[in-house]
Amino acid sequence: MTDSRQMTLVLGGTGRTGSVVARKLIERGLGARTAARHDADVLFDWDDPATHARALEGVDRVYLVTPVMRVRYAGLVSDFLDLAAGTGVRHVTYLSTYGSDQAPPEVDIRAVELDLARRGDFTHSILRPAWVMQNFIDEHLPVIEGAITVPAGAGAEAFVDAADIAAVAVQTLVDPDAHAGAQYAPAGPQALTVGDVADIIADVTGGPVTHHDVDAEAWIRGAIAAGFVPADYAVMLRWLTGTISSGHGSRPNDDIEKVTGRPPITFGDFARRNARAWTVGAAK
């Protein structure tokens, strides 16, 4: 990449990976502009194209995070990528999902990947991470009254730290030419059941923690009723949890070490670093 601007637009710039990507890019000497609906460098709203053009001014690479809690967005993203190509973007790194080629047709994850592959105006890299460890310290899969409630059965997943996903993303953005067309699946070093995760958290906090393997449809109905997800997002939750419970969850690989030069963070290390999240607060 020869463009001297070296400015990355980081969509989802206040999120779990985006905030780290922006910080690490700046530490590496590149410009980074965070974009989100609130508390970012620039306002970015997927449903307001006027914000897209302003966010892309002077940008030559993009960390692409698609709309959250939605399943249909390929058209919005395609229009944004058209605009990005027209304003001089040279590289896009897309935060996809592990097993995206197996996603239900009602979900646009794979459609965005295929859109990127068809384009010749800029290079791209695709990240397909496993479930992030941070799910267990926020509202996604919290420990409530000593239990993690999620329909995962005895299936295992190579849970990955968001910091490791960000580290891979940063490498693709710092040196796009070296990662042009690459597809990485950042994953943790161990395939763990949710029961294993509960045991690790219990060891770290000194209190009992168990996995409550609730019925999947009841869990999904509860998430919708509570307003946590819109009704059409049920297909996504069904796919994600069903992949793990059926024994087809992510597995460890060497992508993180291959790209960053260091091994991925273990869940034990993550748990020790975040122990306070499970020991402070009335709900935990």
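Modeller: Helix α1 spans residues 18-27, and in it Gly18, Val20, Val21, Ala22 and Leu25 are buried. Buried means under 20% relative accessible area, exposed means over 50%, and partly exposed lies in between, with a 1.4 Å probe and protein chains only. Helices (H or I, at least four residues) and strands (E, at least two) are DSSP runs, numbered from the N terminus.

The basis comes next. This is a predicted model, so local features need pLDDT of at least 70 and side-chain atom pairs count only at pLDDT 80 or more, while totals for chains, interfaces and linings use all residues. Residues are numbered from 1 along each chain as its sequence is written, and side-chain values use heavy atoms, with hydrogens and water left out.

Now the cover. The buried residues of α1 are covered by elements that include strands β1 (7-11), β2 (31-36) and β4 (61-64). Helix α5 (162-174) is also among the covering elements. Contact here means heavy atoms within 4.5 Å. Just after α1, glycine 29 takes a positive phi of about 95 degrees.

Two strands pair if DSSP finds at least two bridges between them. Strands of a sheet pair through backbone hydrogen bonds, either parallel or antiparallel.

Follow the bridges. β1 and β2 run parallel and are joined by five bridges. Threonine 8 stands opposite alanine 32 in β2. β1 is also joined to β4 by three bridges, again running parallel. There, the bridge partner of threonine 8 in β4 is arginine 61. The next step is from β4 to β5, a parallel pairing over four bridges. Leucine 64 has tyrosine 94 as its bridge partner in β5.

Look at the side chains of β4. Arg61 and Tyr63 point one way, Val62 and Leu64 point the other way, and all are buried. In a regular strand the side chains alternate between the two faces of the sheet.

The loops come next. Aspartate 39 is found between β2 and β3. Its phi is near 60 degrees, a positive value in a residue other than glycine. Aspartate 39 counts as exposed because its relative accessible area is 76%. Methionine 69 lies between β4 and α3 (74-86). It too is a residue other than glycine with a positive phi, near 55 degrees. Methionine 69 is partly exposed, with a relative accessible area of 27%. Most residues other than glycine have a negative phi, and most peptide bonds are trans.

Threonine 97 sits in the loop between β5 (91-95) and α4 (109-118). Threonine 97 counts as buried because its relative accessible area is 18%. Leaving aside neighbours within four places in sequence, threonine 97 is in contact with Ile109, Leu127, Arg128, Pro129, Met236, Trp239 and Leu240.

Glycine 181 is partly exposed, at 46% relative accessible area. Glycine 181 and histidine 124 are 57 residues apart in sequence, yet 5.5 Å apart in space, C-alpha to C-alpha.

Finally, the setting. The protein chain has eleven helices and twelve strands. Of its 284 residues, 50% count as buried. Among contacts with a separation of 6 or more, 77% come from residues 24 or more positions apart. The radius of gyration of the protein chain is 19 Å, which agrees with the value near 19 Å for a compact globule of 284 residues. That radius is taken over C-alpha atoms, and the globule rule is 2.2 Å times the number of residues to the power 0.38. The C-alpha atoms fill a box of roughly 55 × 40 × 35 Å, taken along the principal axes.
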